[in-house]
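Please keep the sequence and the structure at hand while reading.

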Amino acid sequence: MPAKSFFILLADDDPEDLELFEEAILQLEPEARVNYVVNGKGVMEFLAACSDDELPDLIIMDYNMPQMTGVDVLTRLNGICRYKPIVKLILSTSCSETHIKKSLDNGARDYFVKPDNFIELKILVKKMLSMCSAG
């Protein structure tokens with residue numbers, strides 16, 4: 001029985017970052033299903049609309065987003081059992097120790113700084129995909 005493909009939710013308010021991330025994911029995992037939202041509120045709405053068996057395997061969120069930050073989303077997701085199995089990662093241009101600690105303390109599996117080029121992005125995406133099981 002073949003493993004199911006990855007289902008990834010991207011949350012970032014920069015459309016170019018979303019496009020580059022999706023491209024890197026699909027180059028590494030052509031069968032992956034990628035959805036994206038532009039803010040933290042969108043993450044919450046997207047997840048609420050999913051049935052339990054349709055939840056993403058991985059959520060990659062920007063730290064700084066309008067309406068709700070990545071940490072705000074993590075804090076809300078912490079209290080809901082059905083979201084515990086989802087791997088949650090924070091991505092940011094900031095390497096602030098405070099941001100990293102807040103993210104990890106509130107349920108992020110890891111915190112990554114956005115890379116400067118597409119080759120580094122693909123290396124980062126490969127690491128992110130290895131953090132979750134597609135089956």
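The model is a predicted one. Lys101 is exposed as well, with a relative accessible area of 52%.

The side chains of Asp105 and Lys101 form a salt bridge, with N and O 2.6 Å apart. Both residues belong to helix α4 (residues 97–105), where they sit four residues apart, about one turn of the helix. Side chains of opposite charge can pair when their charged atoms come close.

Six salt bridges are found in a search of the whole structure. One of them joins Asp12 to Lys114, with 2.8 Å between the closest N and O atoms. Asp12 is in the loop between β1 and α1 (15–28), while Lys114 is in the loop between β5 (110–113) and α5 (118–130), so this pair ties together parts that are 102 residues apart in sequence.

Asp62 is part of strand β3 (residues 58–62) and Lys114 is in the loop between β5 and α5, so the contact ties together parts 52 residues apart in sequence. Both Asp62 and Lys114 are buried. A network of salt bridges links Asp12, Asp17, Asp62 and Lys114.

## Ala11 in strand β1

Ala11 belongs to strand β1 (residues 7–11). Its relative accessibility is 2%, so it counts as buried, the limit being under 20%. Leaving aside neighbours within four places in sequence, Ala11 is in contact with Leu18, Val37, Val43, Ile60, Met61, Asp62 and Met65. One of these contacts, Asp62, is also a member of the salt-bridge network that includes Lys114.

Ala11 and Asn39 are separated by 28 residues in sequence, and their C-alpha atoms are 5.9 Å apart in space.

## Two nonpolar cores

The largest nonpolar core contains 25 residues, and Val43, Leu47 and Met61 have the most contacts inside it. The elements that contribute two or more residues to this core are β1, α2 (40–49), β3 and α3 (70–78). Val43 and Met61 are also among the contacts of Ala11.

Not counting residues up to four places away in sequence, Leu47 touches Leu9, Leu55, Pro56, Ile59, Leu77, Arg82, Tyr83 and Ile86. Another core, of 22 residues, lies apart from the largest one; its members include Leu10, Ile25, Val87 and Phe112.

## The buried face of α3

Which residues of α3 are buried? They are Gly70, Val71, Val73, Leu74 and Leu77. Seen down the axis of α3, these buried residues fall within an arc of 155°, so they line one face of the helix. They pack against α2, β3, β4 (87–92) and α4. Leu77, one of the buried residues of α3, is also touched by Leu47.

Conventions:
Residues numbered from 1 in each chain as written. Predicted model: local features only at pLDDT ≥ 70, side-chain atom pairs only at ≥ 80, totals over all residues. Heavy atoms only, no water. Buried < 20%, exposed > 50% of the residue type's maximum accessible area, 1.4 Å probe, protein only. Contact = heavy atoms within 4.5 Å. Salt bridge = Lys/Arg side-chain N within 4 Å of Asp/Glu carboxyl O. Core = buried A, V, L, I, M, F, W, Y, C linked by side-chain atoms within 4.5 Å. Arc of directions from axis to C-beta.
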